[in-house]
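Thanks for coming. I will go through one structure, starting with the strands, then the ligand shell, then a helix.

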Amino acid sequence: MDTKTEAEAGAAATVKVAVVYYSSTGTVHALARAAVEGAEKAGADVRLRKVAETAPPEAVGARPEWARHLEETADVAEAGHEDLEWADAVLFGTPTRFGNPAVQLRAFIDTTGPLWFQGRLADKVYSAFTASNTAHGGQESTILALSNTFYHWGGVIVPPGYTDPVQFRSGNPYGASSVAAGGLPDEVALEAARFQARRVAETAAFLKAGRAAA
Ligand SMILES: Cc1cc2nc3c(=O)[nH]c(=O)nc-3n(C[C@H](O)[C@H](O)[C@H](O)COP(=O)(O)O)c2cc1C
C-alpha cells in the first residue's frame with residue numbers, strides 16, 4: 001500500500017456508507033456486495049440494505065430465479081430511513097426497467113419525503129450502479145434518472161468517471177454496471193463496483209474532514 005492510499009484509507013476510517021439496492025435475480029445484488037467490499041477496503045463502516053419486494057407473490061413465484069434470489073437474500077436487512085440518516089454516503093443499486101430504476105427502489109425513495117423536507121438527506125455523497133439485459137439497454141439513463149433524486153436531496157453526486165484504469169475496461173463513467181444476460185457480473189464489473197464505492201467513501205471522508213476543520 002503506498003502512502004497516498006494509506007492516507008486515504010485513514011481519512012475514510014470514520015465514514016459511514018450505506019449500499020441500498022434492489023435485485024430480482026441477483027445481478028445487482030452481486031454488484032452491491034462488491035460495493036460493500038470496496039467501501040470496507042477504504043476503511044468505511046458499511047451497511048448493506050435491500051429495499052422491500054413490492055411485487056405480488058404470484059409474480060415472484062412465476063419466475064424460479066426471482067423466487068430463489070428472494071429466498072437466498074432473506075437475511076439481508078431491509079433499508080429504512082435510519083440507514084439514510086446514518087450514512088455519510090449512499091450507493092444505490094437497481095436493475096434497469098425500460099431505462100429507469102425499478103419500482104421497488106423508487107417505492108423506497110418515495111417514502112423519504114419527510115427526511116427530505118427536514119434537510120436530512122442533504123450534503124451526503126450519492127452514487128448509483130445498475131444492470132440491464134442488453135449492452136445498451138438503458139444503464140446510463142437509469143443512473144441518470146436516480147441522479148434527479150440526488151439533485152432534489154441536495155446531494156453531492158460522485159460518479160466514477162474515468163478516474164481509475166478499471167473504468168476504461170468497464171466503460172461506464174456513470175456507475176458500475178453489468179449485462180445480466182451474460183450471467184452474474186464478471187470481474188471487471190465487480191472491480192468497477194469496488195472502485196466506485198472506494199471513491200465514494202474517500203470523497204465522503206474528505207468532505208467530512210473538511211467540514212470538521214471549517
Ligand atoms: C419490466 C422490465 C423491464 C426491463 N427493461 C429493460 C431494459 O429497458 N433494458 C434492458 O436491457 N433490460 C431490461 N430488463 C432486464 C433487467 O434489467 C435485468 O433482468 C436486470 O438488470 C437483472 O438484474 P437483477 O438480476 O439484479 O434483477 C427489464 C426487465 C423487466 C422485468
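In which sense do β3 and strand β4 pair, and over how many bridges? They pair in the antiparallel sense, over two bridges. Before I go further: this is a predicted model.

Within that pairing, threonine 96 stands opposite proline 101 in β4. The hairpin of β3 and β4 has two residues between the strands, and in it phenylalanine 98 takes a positive phi near 55 degrees.

β3 has other partners. Strand β1, residues 16–21, runs parallel to β3 and is joined to it by five bridges. β5 also runs parallel to β3, with seven bridges. Alanine 89 shows up in both pairings: it stands opposite valine 17 and opposite valine 125 in β5. As for burial, eight of the nine residues of β3 are buried.

Now the ligand. There are 19 residues around it, and Ser23, Thr27, Pro95, Ser132 and Gly137 come nearest. α2, β3 and β5 each supply at least two residues of that shell. By type, the shell divides into 13 polar residues, five nonpolar and one charged.

Last, helix α8, residues 139–153. At 1.5 Å a residue, its 15 residues should span 21 Å, and the end C-alpha atoms are 22 Å apart, which agrees. The buried residues in α8 are Gln139, Thr142, Ile143, Leu146, Thr149, Phe150 and Trp153. They cover an arc of only 105 degrees around the axis, so they sit on the same side of α8. The face turned away from that buried side carries exposed Asn148 and Tyr151. Just after α8, glycine 154 takes a positive phi of about 75 degrees.

Terms used
Residues numbered from 1 in each chain as written. Predicted model: local features only at pLDDT ≥ 70, side-chain atom pairs only at ≥ 80, totals over all residues. Helix = DSSP H or I, 4+ residues; strand = E, 2+ residues; numbered from the N terminus. Expected span 1.5 Å × (residues − 1). Buried ≥ 20, exposed ≤ 12 C-beta atoms within 10 Å, placed from the backbone. Arc of directions from axis to C-beta. Near = placed C-beta within 6 Å. Nonpolar A, V, L, I, M, F, W, Y, C, P; charged D, E, K, R; others polar. Pairing = 2+ DSSP bridges.
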